[in-house]
Amino acid sequence: MGRLIVEQIVTADGFAAGPRGSLDHLIPPEDARGNGGVDEGHLRMLDSVEAILLGRNTYRIFEEYWPTKTVDEEPLADLINALPKHVVTNTLRRAPWGDYSSATVEVGEPRDSVRRLKNRYTGDIILWGSLTLAGALLQAELVDHVRLRIVPVLLGEGETSTVGLRHARDLRLVEIDTFPSGHVTLAYDVL
């Protein structure tokens, strides 16, 4: 059975998006990455990923960006473009991905889609962004692992990374990566 990882980029005061959904704070400075412009811990985590899960809005952001990138521009481009992608939405009928294989549209109740995907894949499924979907899946107790990539910015207001979560979920810290830029990655297993 596959494991669902939710990975979010959040500010030091815990916001995954700024007021009105702004994402300006999410672009890390070059020195936030490890050797060769790539965060080595992130690459290790991605070794076990077999599929990508996205909500409709994050899919649109990713689809505009990733299919146009080469590995010279973005070290993760080949991986992201090659992995199977699933978009949880009841409004889209198609989810093209540039010149690559289209994403699969998962219609219906998100919990049912994720249960089916966790049974289909033996490795990890990663959910990036997709704040409402992430919160709903945490609420449904379907998330196995959470990675918070913290940027050294304070916003004061914005959107949480767990929209819709109605009860506390306990986490166990399993990894910490720090960077000279002040960026920190915290990895947790969900208990």
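Rings of Phe, Tyr and Trp (its six-membered ring) form an aromatic pair if their centres lie within 6.5 Å; planes under 30 degrees apart count as stacked, over 60 as edge-to-face and the rest as tilted.

## Basis

This is a predicted model, in which local features need pLDDT of at least 70 and side-chain atom pairs count only at pLDDT 80 or more, while totals for chains, interfaces and linings use all residues. Residues are numbered from 1 along each chain as its sequence is written, and side-chain values use heavy atoms, with hydrogens and water left out.

## Aromatic pairs and a charge over a ring

The structure holds 3 aromatic pairs. In one of them, the ring centres of Phe 62 and Trp 128 are 5.9 Å apart and the planes stand at 35°, so this pair is tilted. Phe 62 belongs to helix H2 (residues 56-65) and Trp 128 to strand E6, so the pair ties together parts 66 residues apart in sequence. Helices (H or I, at least four residues) and strands (E, at least two) are DSSP runs, numbered from the N terminus. Both Phe 62 and Trp 128 are buried, where buried means under 20% relative accessible area, exposed over 50% and partly exposed in between (1.4 Å probe, protein chains only).

Tyr 65 and Trp 66 have ring centres 5.1 Å apart and planes at 85°, so they pair edge-to-face. Tyr 65 is partly exposed at 32% relative accessible area, whereas Trp 66, at 10%, counts as buried.

The charged end of Lys 85 sits over the ring of Trp 97, 4.7 Å from its centre; the criterion is NZ of Lys or CZ of Arg within 6 Å of the ring centre and within 35 degrees of the ring normal.

## Helix H4

In helix H4 (residues 110-120), the buried residues are Ser 113, Val 114, Leu 117 and Lys 118. They lie on the same side of H4, because their arc around the axis is only 130°, taken from the directions from the helix axis to the C-beta atoms.

These residues pack against strands E1 (3-11), E3 (49-55), E4 (85-88), E5 (104-106) and E6 (124-128) and against helix H5 (131-139). Contact means heavy atoms within 4.5 Å.

## Nonpolar cores

A nonpolar core is a set of buried Ala, Val, Leu, Ile, Met, Phe, Trp, Tyr and Cys residues joined through side-chain atoms within 4.5 Å. The largest has 26 residues, of which Leu 4, Leu 53, Ile 125, Leu 127, Leu 137 and Val 143 touch the most other members. Its largest share, 5 residues, comes from H5.

Beyond its neighbours within four places in sequence, Leu 4 has contacts that include Leu 53, Val 114, Lys 118 and His 145.
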